[in-house]
Amino acid sequence: MSATPTAAAPAGEHAPLPDLTWFAPGTHITIRGLTKTFRGNPVYAGFDIDFPRGDIVSIFGPNGCGKSTLINMISGILPFDGGQILFDGKTIAETRIGYVFQNYREALFPWQRAIDNIHYPLKMMGVPKAERAQRIEKLVAQFDLKFDLNRYPYEMSGGQQQTVSIMRALVVEPEVLFLDEPFSALDYEMTLMMRDLLQKVLAETRTTTLLVSHDLEEAVYLSDRLLLLTRRPSRIAEYMEIPLPRPRNSETISDPRFVRLKAHALDVFQKAVRTSAP
């Protein structure tokens with residue numbers, strides 16, 4: 001689904017930005033000519049891609065290929081050197097986003113109760129107290145919470161803290177949700193529970209979601225689409241659809257269709273690593 005690259009500009013001139021006022025039906029995020037360099041080394045060079053509305057897209061690739069860099073540029077956390085990123089033709093400043101970081105221990109305010117952590121972004125947005133309470137009540141029902149939100153983060157397990165982080169990101173009713181390896185600090189049992197909880201909530205909200213993962217099985221399991229990247233400068237090795245029915249559960253992992261998709265993704269990944277190795 002990557003677009004045809006634009007022609008290079010003559011030496012000494014800047015390439016004109018493409019017109020992104022038009023985009024394909026169903027597209028939510030449009031990226032054209034994205035360029036990013038660290039210490040003179042290109043991470044992305046003229047990178048093009050479209051992300052569909054309402055899909056969960058997992059981003060997978062070799063260590064250091066720029067997975068987190070990509071979502072940090074899209075979300076506005078990290079500046080980029082060139083190109084254009086639009087959300088339904090809007091800029092990131094005009095777009096409501098949610099972001100869940102990898103390290104839940106540093107993401108929550110330890111001096112505030114869990115409930116106050118969830119309230120915080122809504123208070124910053126000026127949302128009235130009654131509406132804040134309604135939104136949180138709705139989330140509590142969606143997550144089917146079994147723990148007390150009046151506790152402080154240090155009184156909660158890792159899975160509970162990350163659940164609160166995800167709720168805080170979703171309570172703003174984001175147009176796009178970014179997840180940067182949200183389960184990597186959790187044990188396996190908690191990871192399985194959180195995967196199922198997250199896919200349930202995202203299926204209900206139909207929030208466009210970009211998920212960085214270092215676990216191929218997780219990436220295939222959660223995704224509607226899987227973006228496989230090469231080594232730096234990162235290119236698209238393959239952008240594959242994951243047409244598995246939802247809800248997915250433990251039986252999905254042994255489903256022949258899942259096994260074939262994972263095997264294909266692994267083959268693409270291994271070939272990309274070999275062909276792009278220095």
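Reader: What makes Glu 173 and Arg 135 a salt bridge?

Author: The closest N and O atoms of Glu 173 and Arg 135 are 3.9 Å apart. A salt bridge needs a side-chain nitrogen of Lys or Arg within 4 Å of a carboxyl oxygen of Asp or Glu. So the pair qualifies. Mind the basis: this is a predicted model, where local features need pLDDT of at least 70, side-chain atom pairs count only at pLDDT 80 or more, and totals for chains, interfaces and linings use all residues. Residues are numbered from 1 along each chain as its sequence is written, and side-chain values use heavy atoms, with hydrogens and water left out.

Reader: Why is the pair said to tie parts together?

Author: Glu 173 lies in the loop between helix H5 (158-170) and S6, while Arg 135 lies in helix H4, so the bridge ties together parts 38 residues apart in sequence. Helices (H or I, at least four residues) and strands (E, at least two) are DSSP runs, numbered from the N terminus.

Reader: Why is Arg 135 called buried, and what is Glu 173 called?

Author: Buried means under 20% relative accessible area, exposed over 50%, and partly exposed in between (1.4 Å probe, protein chains only). Arg 135 has 15%, so Arg 135 is buried. Glu 173 has 40%, so Glu 173 is partly exposed.

Reader: How many salt bridges does a search of the whole structure find?

Author: The search finds 16. Among them is the pair Lys 271 and Asp 267, at 3.2 Å, N to O. These two are 4 residues apart in helix H8 (residues 256-275), which means about one helical turn. Lys 271 is partly exposed at 45%, and so is Asp 267 at 31%. Asp 55, Arg 225 and Glu 241 are linked in a network of salt bridges.

Reader: How do you know that S7 is covered on both faces?

Author: Thr 208, Leu 210 and Val 212 on one side are buried, as are Thr 209 and Leu 211 on the other. Thr 208 has 2% relative accessibility, so Thr 208 falls under the 20% limit.

Reader: What does the side chain of Thr 208 reach?

Author: The backbone nitrogen of Gly 54, at 2.8 Å. A polar contact is a pair of N or O atoms within 3.5 Å; within protein, one must be able to donate a hydrogen and the other to accept it, and residues adjacent in sequence count only if both atoms are side-chain atoms.

Reader: What makes S6 and S7 paired strands?

Author: Two strands pair if DSSP finds at least two bridges between them. Strand S6 (residues 176-180) and S7 have 5 and run parallel, so they pair. Asp 180 stands opposite Val 212 in S7. Strand S3 (residues 56-60) also pairs with S7 in the parallel sense, over 4 bridges. In that pairing, Leu 211 is the partner of Ser 58.

Reader: What is the handedness of the unit made by S6, helix H6 and S7?

Author: This β-α-β unit is right-handed, with H6 spanning residues 188-205. The term applies if, with the strands pointing away from the viewer, the path from the first strand over the helix to the second runs clockwise.
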